[in-house]
Each structure stands twice: as C-alpha cells, then as structure tokens.
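Subject: A structure to look at, with notes

Hello,

Here is the structure I promised to pass on. Please have a look at it first, and then read my notes below.

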Amino acid sequence: MESLFFKLKDILIKQQETVLELVSLAQEHTLAMKENNANQILAVVKQLENKSNILQTQDETRKEIQTELALSLGLPAESTLSHILQHTAQQKVVQEINDLSLTINNNLAQLKDILKLNDIMAKRGLMFTQQLKNIMQPKDNSTYQRSGEVVKQSGNRSLFDKSI
C-alpha cells in the first residue's frame, strides 16, 4: 500500500508539471493574440491540445491509482482523495500529497482565468472581423451613386471588384 501512495505522489508531481506547462502555453497564446500573430496562435494552440491530452492521460492514471488505493484501504472505489488520505497513518506522504493537490488546484484556477481571457479576446477578434466584413460588404447591397443617391442592387456582390 505504501508503494501506491508513492505512485500517487509521482503522478501528482507529473500533473503539476503539465499544468504549469499549460499555464505557460496559455500565456504565450495570450501574447500571440495581442500581437495578432496567426502562425504563433496556431502553433501554441496545437501545443496546448497536446499537453491537454497528456494531462487527461495522467488524470486517468491518477484515478486508477486512487481507486486501487481506496480499495486496499477498504473504502469505496469512488472515494475522494481527501477521504483516502484521512485513512492513512503516513503523515509525511499525506502532507506532500495535500500540498501537491493544493498547488495543482491553484494552478488550474490560474489556467482557467487565462483561458477565459483568451476566449474573450478571440470572441472580440471575431466580432471585429465580422464588423469589418459588414462594412466592406453590406448585407443590403446598397451603393452610393455619383449623385449621392443610395441604390440597392439585387443579387450577391463579391467582396472584391473582379471587373478590374
């Protein structure tokens, strides 16, 4: 059973490292969006996706170890980490796991805030692009004539004048 606690601690350390990498990548994503660097945005998003998949795999491993640990302590398989830690006498390991868990939760909260900001920035960028498109190609297909009069044209107009 002691080895299970060390496996749990090990996977939590790996998760902590992955979450820190995700925070760093999310900050890079914010910077790339501020700089309007499309290539960097795409590159960072791909890295974020890869790290997220790694974190998901690590979390599945953690859940397996946690279930195995709960069963070895005679607890229900779906017991929470805090419930499991209450049933062990290894206080040093318990404290280390609690500290790791707290750090991971704090880093996840920071990541959530950064991703929320990135989401807002992306939505605003899309709104700006849509407004710009509407200015360049109005939906009502109206155009100004030399006389200053507004004439509505039928049919779809291309965004660009192809007659040139």
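A salt bridge here is a side-chain nitrogen of Lys or Arg within 4 Å of a carboxyl oxygen of Asp or Glu. By that rule, the structure holds six of them.

Before the details, a word on where the values come from. This is a predicted model, in which local features need pLDDT of at least 70 and side-chain atom pairs count only at pLDDT 80 or more, while totals for chains, interfaces and linings use all residues. Residues are numbered from 1 along each chain as its sequence is written, and side-chain values use heavy atoms, with hydrogens and water left out.

**Salt bridges**

One of the six salt bridges pairs Glu 96 with Lys 9, with 2.8 Å between the closest N and O atoms. Because Glu 96 lies in helix α4 and Lys 9 in helix α1, this pair ties together parts that are 87 residues apart in sequence. (Helices are DSSP runs of H or I with at least four residues, numbered from the N terminus.) Glu 96 is partly exposed, at 24% relative accessibility; buried means under 20% relative accessible area, exposed over 50%, and partly exposed in between, with a 1.4 Å probe and protein chains only.

Through shared partners, salt bridges join Asp 59, Arg 62 and Lys 63 into one network. As for accessibility, Arg 62 is buried at 15%, whereas Asp 59 is partly exposed at 23% and Lys 63 is partly exposed at 45%.

**Pockets**

Rolling a probe the size of a water molecule over the atoms shows where empty space is left. On a 1 Å grid over the protein atoms alone, using a 1.4 Å probe, a pocket is an open set of points with protein on both sides within 12 Å along at least five of seven lines, and lining residues have an atom within 4 Å of a point. A volume is the space filled by probe spheres set on the points.

The largest pocket has a volume of about 230 Å³. Its lining includes Met 33, Lys 34, Ile 41 and Met 121. Helices α1 (2-34) and α4 (91-136) are the elements that give two or more residues to that lining, and α4 has the largest share, five residues.

The second largest pocket has a volume of about 170 Å³. Asp 59 and Arg 62 return here, as they are among its lining residues, together with Leu 12, Leu 55 and Ser 101. α1, α2 (38-72) and α4 each supply at least two residues, and α4 gives the most, with four.

Thr 18 is found in helix α1 and is buried, with a relative accessible area of 5%.

Enjoy exploring!

Best wishes
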